[in-house]
Amino acid sequence: MPVLPEIKEAAVKSKTKKAAFGSDLDLQQFRRQAQDWSYDEQYTSFEEMEKQQLLRAGIELTDTDHAGTFLQADRSIMHCKTSQPGLEILPIREALQKYNGLPDYYWRLVPVDADKYTAAAELELDNGYFIRALPGARITQPVEACLYIRTEGLAQHVHNIVVAEPGSHLHIITGCTTHPGVTSGLHLGISEFYVKKGAHLTFTMVHNWAENVHVRPRSAIIVEEGGVYLSNYIVLKPVKSVQMYPSVRLVGEGAVARLNSVVVAHPGSELDLGGKVVLEAPYSRAEVIARTVTTGGTAIARGHLIGKVPNIKAHLECRGLILAKQGIMYAVPELTGEVAGVEMSHEAAVGRIAQEEIEYLMARGLTEEEAASTIVRGFLNVEIEGLPQALKDDIERTIQETEKGL
Amino acid sequence: MFQIEDLWVSIDDKPVLKGINLHIKKGETHTLFGKNGSGKTTLLMTIMGFSRYQVRQGRITFLGYDITHMPTYERAKLGVGLAFQRPPTIRGVKTKDILRVCAGGKMPVEALAFEYGFEGFLDREINLGFSGGEIKKSELLQLVAQDPKLVLLDEPESGVDLESLQLVGQIIRRVLQKDLRRVDRQKAGLIITHTGYILNYLNADMGHVMADGQIACQGHPMDILEHVKKSGYEECVRCLCFQK
Ligand SMILES: Nc1ncnc2c1ncn2[C@@H]1O[C@H](COP(=O)(O)OP(=O)(O)OP(=O)(O)O)[C@@H](O)[C@H]1O
Ligand SMILES: [Mg+2]
């Protein structure tokens, strides 16, 4: 692949560099060999159990009602298809060939030498997706992208690039999950998003991993003039550890970023989730809202807003509910205003359900348990357009299970 | 129908209500006046059974049941309903969700909201960013849906503009079955009011003045209101002590 030599060099130098946050993982502990899964045009090679599992990550395994689909199992591309003009989807390895190393996009936002995970993703890349909406293209149906670990103990290395060309509209639902028989593994995912002038990108990511899986996404986003980037992140199932800190730059006038996350930290899970938005252009706006529940795990919600020019507006909100004796919630909201004329605020609240709220609902006829579960349900309420019904049902089930711990 | 006998209540171990006696018959509406901080809200919250209001002495009975220590939701099921002075905001819980809880399947809440021009609030998170008047309207519609037998209203008209006041009056008349003859009504009401504006829309049978956790004066609500407007609460209470 025609990747610049300095990129490789920087990666080699960072092979053992520890990440700023999250527990340090020994990459040697994970296997790098997996069977080659063959391309599956009709989605016939999945057992019923697997299909159910994929559904829980929002993956429907159908080309209808989707503008495009992409499925990578372990290291192999099993499905990749576009069904709407104006939309391009390629495995990243193919895109690198076709576009001569994607010099404008590849490792342009995420530094390859950030840590050993970025380095490993470069030095031992499996694959990933390249998704592009052409200028002015209105991609109405969502694109379904799936990153799937099908082999026990595997480290999956992925690099994704998404480009929303000027004036385009695009919604991607990425479901990340493991085979029902897989209990451990590692997912390294580099993602670089380019939202160009006047474009509109919604990126919904659903994590549905297994109890001993570690996850280290490394994402960065750039939004140009009048562009909009909306991100939804949902993780409601047990996972060993997730550490991520996507970073967004709003570089054009009136650019908008909205980052939403809904998170449940189960016993044994360690979730270190953050997000940074740098507002570099006038009239840009950002909103970061994290809603986190712990039923016994550790959840860290970081957020940092940086206002570099006047006339920007940004708000950061971390809300945490502790529903178990042992759960730990750690909220770290940060604001940096570098000039006058920035309007930035944050709100952080961590605790148990307010008695006053429970009693308000009890006065309307709910028992204490019903009142508490109504409040948890409201807290975790996920309303995202285009989510498959099966996923919504599963979210509902998960909420019910979460309530049982009350 | 509803009776309070020698009720003493503390909040965080501080005595707030000091020997309240009150009796409301079926079909009657009573009003509760009194200075800020005199204990009016405390009385209503205690009747509803909220945990921070600790009953130290006395008894509350409703429909023949001793409800003094009954859990809040059982009181609600029995037919006690309260429109809050300052209800909490619950993030993510929509107004229509709460209305549905109140209605318990007995009434289509969308139609109810439409009837009172409240449909735009159904999908909003309950009380989040509601104006003062909107909160009052939302509280009252919850009561309409709940259809309680004992209707407790904590300052239902404060913060309501003059035009909406009429609507608020109408809704209260509805929950209290004011258009039925008193003997046919199944409801009793206790309304806290400072201004008495609400009395332009419905008749009340009896007024009580609260002072320092006690009911210091009873009489016709209009008389009390007039007296308080003219000479203030101190004078009102003093006059009554004198009468006693
Ligand atoms: N949660 C609380 N903690 C401490 N003191 C309280 C609490 N709630 C009420 N009080 C005190 O109890 C007294 C009675 O309060 P209450 O709210 O019943 O007054 P009110 O008559 O309804 O007044 P207003 O007309 O201002 O609504 C006040 O002195 C108030 O400060
Ligand atoms: Mg009060």
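Student: Which residues are closest to ligand 1, and how many surround it?
Tutor: 16 residues surround ligand 1, each with a heavy atom within 4 Å of the ligand. The closest are B:Gly37, B:Lys40, B:Thr41, B:Thr42 and B:His194. This is a predicted model: local features need pLDDT of at least 70, side-chain atom pairs count only at pLDDT 80 or more, and totals for chains, interfaces and linings use all residues. Residues are numbered from 1 along each chain as its sequence is written, chains are lettered from A and ligands numbered from 1 in written order, and side-chain values use heavy atoms, without hydrogens and water.

Student: Which polar side-chain atom lies 3.0 Å from an oxygen atom of ligand 1?
Tutor: One of B:Asn36. B:Lys40 also places a polar side-chain atom 2.8 Å from a ligand oxygen. With B:Gly37, a backbone N or O atom lies 2.8 Å from an oxygen of ligand 1. A polar contact here is a pair of N or O atoms within 3.5 Å.

Student: What share of ligand 1 does the protein bury?
Tutor: 68% of the 640 Å² that ligand 1 exposes when taken alone. Areas come from the Shrake-Rupley method with a 1.4 Å probe.

Student: Which element gives the largest share of the shell?
Tutor: H1(B), with 3 residues. Helices are DSSP runs (H or I) of at least four residues, and strands (E) of at least two.

Student: How does the shell divide into nonpolar, polar and charged?
Tutor: 2 nonpolar, 8 polar and 6 charged. Gly counts as polar; Asp, Glu, Lys and Arg count as charged.

Technical notes: A polar contact is a pair of N or O atoms within 3.5 Å; within protein, one must be able to donate a hydrogen and the other to accept it, and residues adjacent in sequence count only if both atoms are side-chain atoms.
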